[in-house]
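Subject: Structure handover

Hello,

Here is the structure I promised to pass on. Please open it first, then read my notes below.

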Amino acid sequence: MHRPLYNEKTLKSRKLMTNGYSLPYNPDLVPRAVEMRNNMTPAEFKLWTGFLTNFDFKVYRQRPIDNFIVDFYCSKLNLVIEIDGSVHDSLEAKVSDQERTEILQNYGLKVLRFSNNQVEEDFEWVCQKIKEQIPNPLRCLYPSPLK
């Protein structure tokens with residue numbers, strides 16, 4: 001169970017809910033998350049089908065957390081994986097992404113960001129960076145699926 005970042009009153013004022021086992025999320029985002037799961041970007045689809053579906057731990061696609069929809073979330077590793085397209089290149093987007101990352105980190109999550117180009121052009125490196133998030137004692141128990 002995750003430690004609460006906000007009290008019940010604050011959650012309500014931010015339109016967030018939780019069942020006590022999941023991170024707080026905005027239920028209004030669920031239909032959009034489902035739509036995004038069904039319409040992944042090419043880079044998201046490549047990472048999902050080429051690596052994350054066979055990852056050592058369960059990974060969720062397009063998961064609402066707080067007032068965001070993260071691209072991928074692994075609860076066992078407290079890991080969020082974001083795949084950023086060119087819309088994330090502007091200064092305004094970078095500031096927004098940093099604020100979003102800080103909020104997610106306040107939940108005890110590690111946020112990894114990769115660009116679409118990194119996924120498309122250096123797929124093995126991206127997969128290795130994700131695999132490095134498995135704690136060292138466990139890493140030897142889970143051989144790489146990329147062999």
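Strands β1 (residues 60-65) and β2 (residues 68-74) run antiparallel and are joined by five bridges. Strands here are DSSP E runs of at least two residues, helices are H or I runs of at least four, and both are numbered from the N terminus. Two strands count as paired if DSSP finds at least two bridges between them. Y60 sits opposite Y73 in β2. The two strands make a hairpin with two residues between them. One turn residue, D66, has a positive phi of about 55°.

A note on the source: this is a predicted model, in which local features need pLDDT of at least 70, side-chain atom pairs count only at pLDDT 80 or more, and totals for chains, interfaces and linings use all residues. Residues are numbered from 1 along each chain as its sequence is written, and side-chain values use heavy atoms, with hydrogens and water left out.

**The sheet**

Four strands form an open sheet, ordered β1-β2-β3-β4, with mixed pairing. β1 and β4 (110-115) are the edge strands, and each pairs on one side only. From one strand to the next, the twist averages 45°. Strand β3 (residues 79-84) runs parallel to β4, and six bridges join them. I81 stands opposite L112 in β4.

Two helices to look at here. Helix α4 (residues 91-106) packs on the sheet and touches β1, β2, β3 and β4. The direction of α4 makes about 55° with that of β2. α6 also packs on the sheet, touching β3 and β4. The direction of α6 makes about 180° with that of β4. Axes are lines fitted to C-alpha atoms, for helices over the stretch in contact, and angles run from 0 to 180 degrees between N-to-C directions. Contact means heavy atoms within 4.5 Å.

**A helix pair**

α6 has a helix partner too. The axes of α3 (residues 42-50) and α6 (residues 123-131) come within 11 Å. They cross at roughly 65°. The crossing is right-handed: the near helix is turned clockwise from the far one by less than a right angle. K46, L47 and G50 of α3 meet F123, V126, C127 and I130 of α6.

**Cysteines**

C74 is buried at 2% relative accessibility. C127 is buried as well, at 1%. Buried means under 20% relative accessible area, exposed over 50%, and partly exposed in between (1.4 Å probe, protein chains only).

**N26**

N26 lies in the loop between α1 (8-13) and α2 (30-38). Is N26 buried or exposed? N26 is buried, with a relative accessible area of 8%. Its side chain makes a polar contact of 2.9 Å with the side chain of N67. A polar contact is a pair of N or O atoms within 3.5 Å; within protein, one must be able to donate a hydrogen and the other to accept it, and residues adjacent in sequence count only if both atoms are side-chain atoms. Leaving aside neighbours within four places in sequence, N26 is in contact with K15, L16, D66 and N67. D66 is the hairpin turn residue with the positive phi.

**The whole chain**

The protein chain has seven helices and four strands. Along the sequence, they follow the pattern α-α-α-β-β-β-α-β-α-α-α. Of its 147 residues, 37% are buried. Among contacts with a separation of 6 or more, 59% are between residues 24 or more positions apart.

Best wishes
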